Structure formats: structure tokens, C-alpha cells
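Subject: the structure I promised you

Hi,

Here is the structure I said I would pass on. Have a look at it first, and then read my notes below.

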Amino acid sequence: MSDGAINRTLRALIAVCEEGPQTLTALSGRTGLTPPTLLRMLRLMRDEGFVTQDEDRKWRATMLMWRLGCAVKDSTGTGELAERTLRELVEAIDETVVFAAFEGGWLTYVAQAEPDKPVRAHITLGGRYATLDTMTGHAVMAWLPRNEVDEIVKTQAKRAFSAADRRALYQELVETARIGYACGSGDRWPGVWGAAAPVFDHRGRPVGAVGVSIPTTSVPEHGHAAAEEVARAARRLTERFGGTVPASSLPSAR
């Protein structure tokens, strides 16, 4: 197989995994591949155990993909450390908390802890979300070089960004870096207020963020206190990862 064929096959596999069970026609529309080409790829992946076709003719990923994802999570060591940190955090603030890993300009939610109460937010683990749309994403962007922030805006913005919009975003990110966390209602989950703080690696580069999600249309009464707890939890997780928190006076998105 040529590199082009490999790339197309991987694109098809990603579509099956991320979008759930789909017909050949739906997958063709999502991937831009013709049905005959796509069918050959799906049959190859089926023979190798990556996908299967249900009785209703829809293609879906097998549990092999789940096992591989869990293996990746375990091999990085992030899962156990993040889950311990989140358990501590949910005990302190009694709200849904998450750890979102940052990679390639996007976020993947890899760990979550929920309080034992009837009204709470719920985040689907394993989901891939736009960095621009979430508070966890803004917490990360505050520590990225400006050219990386611009690339995120270019690839993820759902509307045209004016010069004024860009200046406002830069100012928000500088303030986020100054106080240590982002907070507000993101575009991804209307009706949910959130706060998030970055987690860093040994080079002081953000690798993700710890966040809290609270079902409300306004700033909750305990919002500031919850945000401060989130920031402390993010610092603990940075230390557990062997990372280094940069000086707050040097936000790279300034």
C-alpha cells in the first residue's frame, strides 16, 4: 500500500471510531472516499479485527480499539495520577471534575470524577474537543506561543475572527495566565459554568488541564473558591507528572 492508501485507511478508521456506527454511505460522505474504495478498506480492517459490520449494515469499531486506547492511557501513566488528583478535588468542591489531555491542538477527556448528588455535569470520556470551545482549552492556550494560538483559531473557529476578536482573545489568555485559571461558560456546553487550570510537563509546556463543570447559567456562588481549588489540583498534578509550573509573569500568549 502506498502512503496515500495508508492515510485514507486511517482516516476511515478515525471516522468509524469517533462518529459511532455508520452506513457505508454516511462514512463515504464523512471521509470523502468513494464507496468502492471505502468498502475495500473497511473489509481489510474487519479482517484485522479493528471494525465490524452489524446486522443493520452499519460499520462500527470493535473492542480492540478500546483496548488499544486503554493501553495508551496506561502506558503514559496519566490515568492513575489524574484520577487520584480528581478524587481529591471532587471531595473538596463536590462538583464534576475532569482532566483533559492536550495533543495536536485538540483536547481529549481522559479522566473524570463526579459527586454523589442528583444535579451534576457529566462529560463523556474519550471525546475529542476543540481547544477554542472549552475552558480547559483556554487554560492551555494561555501558555502557548502566539503562533500556536493563531493556528488553533484558524482551524477551530466556527465564525470569522476579526482583529478585535483576536485582541480580545489574547487579552483573555493573558489574564488567564496571570490569575492561574480560566473560567466562564464555554461554547461547547451551554448552561454549564466551568473553571480550568493548566497542567505542565518538565519543560513547562502545557499538556492538559484540570477543570470543573457546574450546571448553571451564571457564576455560581462558590465559583471563585472552586476555581482556586482547581488551580491547586492542577499544580499537584503537574508535580505528580514531574512537571514544572512556569512563572506567572511569563505567559507566552502575551
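Among contacts between residues at least 6 apart in sequence, what percentage join residues at least 24 apart? The figure is 57%. Keep in mind throughout that this is a predicted model.

Now the overall picture. The protein has nine helices and eight strands. It runs to 254 residues, and 41% of them count as buried.

I'd start with strand E3, residues 96-103. E3 has a partner in strand E8 (residues 206-215), and the two pair in the antiparallel sense over six bridges. E3 is also joined to strand E4 (residues 106-113), again antiparallel, by seven bridges. Val-98 is a handy landmark here: it stands opposite Gly-211 in E8 and opposite Gln-112 in E4. E3 and E4 make a hairpin with two residues between them. Look at Gly-104 in that turn, which has a positive phi of about 60°.

While you are in E4, click on Ala-111, which lies in that strand. Is Ala-111 buried or exposed? It counts as buried, with a relative accessibility of 1%. Leaving out residues up to four places away in sequence, Ala-111 touches Val-97, Val-98 and Phe-99, along with Ala-82, Glu-83, Leu-86 and Leu-125. For a sense of how the chain folds back here, Ala-111 and Arg-84 are 27 residues apart in sequence, yet their C-alpha atoms are 9.7 Å apart in space.

Next, helix H7, residues 146-156. Which of its residues are buried? They are Val-149, Ile-152, Val-153 and Gln-156. Seen down the axis of H7, these fall within an arc of 95°, so they line one face of the helix. On the face turned away from the buried side, H7 carries the exposed residues Asn-147 and Lys-154. The cover over the buried residues of H7 includes E3 and E4 again, plus strand E5 (128-130), helix H6 (135-141) and helix H8 (163-179).

H6 has a residue worth a click too: His-138 sits in that helix. His-138 counts as buried, at 8% relative accessibility. Not counting residues up to four places away in sequence, what does His-138 touch? The list is Thr-131, Leu-132, Leu-169, Glu-172, Leu-173, Thr-176 and Ala-182.

Leu-33 is in the loop between helix H2 (24-31) and helix H3 (35-47), and it is buried, with a relative accessible area of 6%. Setting aside neighbours within four places in sequence, Leu-33 is in contact with Arg-8, Arg-11, Ala-12, Ser-28, Leu-38 and Met-41. Of these, Ala-12 is 21 residues from Leu-33 in sequence and 8.4 Å from it in space, C-alpha to C-alpha. The other one is Asp-201, in the loop between strand E7 (192-200) and E8. At 12% relative accessibility, Asp-201 counts as buried. Again without residues up to four places away in sequence, Asp-201 touches Val-207, Gly-243 and Thr-244.

How much space lies in the largest pocket? About 1800 Å³. It is lined by 46 residues, and the closest to its centre are Gly-69, Thr-108, Gly-126, Gly-127 and Arg-128. Which helix gives the most to the lining? That would be H4, with nine residues. Helix H1 (3-19), H4 (63-76), helix H5 (78-93), E3, E4 and E5 each supply at least two residues of the lining. By class, the lining has 24 nonpolar, 12 polar and 10 charged residues.

Cheers

How values were computed. Residues numbered from 1 in each chain as written. Predicted model: local features only at pLDDT ≥ 70, side-chain atom pairs only at ≥ 80, totals over all residues. Heavy atoms only, no water. Buried < 20%, exposed > 50% of the residue type's maximum accessible area, 1.4 Å probe, protein only. Helix = DSSP H or I, 4+ residues; strand = E, 2+ residues; numbered from the N terminus. Pairing = 2+ DSSP bridges. Arc of directions from axis to C-beta. Contact = heavy atoms within 4.5 Å. 1 Å grid on protein atoms, 1.4 Å probe; cavity = no way out; pocket = protein on both sides within 12 Å on 5 of 7 lines; lining within 4 Å. Points joined across faces, edges and corners; volume = space filled by probe spheres on them. Nonpolar A, V, L, I, M, F, W, Y, C, P; charged D, E, K, R; others polar.
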